[in-house]
Amino acid sequence: MRRTLLEAGKTEFANYGYDGARLERIAAKAGCAKRMLYYYFGNKKDVYLAVIEQCYTDIRQSEEQLNLDALPPLQALHTLAQKSFEYHENNQEFSRLVLQENFQGGAMLSQISSTEQLRKAALEPVERILQRGVAQGLFLETVTAVDVHYLISAMSSFRIDHAATWRSLLQVDLTGETLRARHLQMLLDQLTGLVCMPRA
C-alpha cells in the first residue's frame, strides 16, 4: 500500500505541483481512504518528501543493476548514459517532478534525510569508472564525475522536458524514433569526446 500511495503521489505532484496537489486525489488513485496517507506518511509535506526521495532512489537503484564496475570504462559510461536516456523517456513523471522542485528552488529536496546518500549514489560510480579509465591511459585526468553527470542528465532530460514546445513551435518531434536514435548516438559520441584521451 505504501508503494501504491507513492506511485499515486508521484503522478499527482508531477501533474499539479506541490501547491496544486490534493491528498484526496492521491488516496482515490491508490484506492484507499485518505487516512491511510496520514498513517504511512503524515501530512502533505511528508507525502511529497517521501515521493521525491523514492523517485531519486529508484533511478539510482536502476543504475546499480548495471554492474558498471565489471565493464570496461568507456562501455560502462555508455551503458550508464543509455540507461539514463531510457529512464527519463520511460519515467516522464520523474522528469516533471525534478522541474517542479527546481521551480521551488530545491527547498524541499534539501529536507529529505538521504540527500548525502543519493549524492554519493549518483557520483561515486562515475568517479570509479573515470579512475579506472585514467589508470588504463584511456581517459583525461581533468574530467570529473560532475562533468559526466551533467552531460548525461542534460541530454537525457531536455528532449523529454521540452518535447511539447518543440513539437508545437518548431514542428520537431524530439521523442520520435528517428531523432531518438540520433540523439542517443549524439550523447554517446559527446561522452566519448569528453572523457577520452585525444588520438595521436
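This report describes the aromatic ring pairs and the charges over rings in a predicted model.

## Basis

In this predicted model, local features require pLDDT of at least 70 and side-chain atom pairs pLDDT 80 or more, whereas totals for chains, interfaces and linings use all residues. Residues are numbered from 1 along each chain as its sequence is written, and side-chain values use heavy atoms, without hydrogens and water.

## Aromatic pairs

Rings of Phe, Tyr and Trp (its six-membered ring) pair if their centres lie within 6.5 Å; planes under 30 degrees apart are stacked, over 60 edge-to-face, and the rest tilted. By this rule there are eight aromatic pairs. The ring centres of Y18 and Y48 are 5.3 Å apart with the planes at 75 degrees, so this pair is edge-to-face. It joins distant parts of the chain, 30 residues apart: Y18 belongs to helix 1 (residues 2-20) and Y48 to helix 4 (residues 44-64). Helices here are DSSP runs of H or I with at least four residues, numbered from the N terminus.

Relative accessible area (1.4 Å probe, protein chains only) defines buried as under 20%, exposed as over 50% and partly exposed as in between. Y48 is buried at 1%, while Y18 is partly exposed at 23%. Y39 and Y40 also form an edge-to-face pair, at 5.0 Å centre to centre and 85 degrees between planes. Y39 is exposed at 65%; Y40 is partly exposed at 32%.

## Cluster and charges

F13, Y18 and Y48 are linked by ring pairs into a cluster.

A charge sits over a ring if NZ of Lys or CZ of Arg is within 6 Å of the ring centre and within 35 degrees of the ring normal. K44 lies over the face of Y18, 4.9 Å from the ring centre. R25 lies over the face of Y16, at 4.1 Å.

Technical notes. Helix = DSSP H or I, 4+ residues; strand = E, 2+ residues; numbered from the N terminus.
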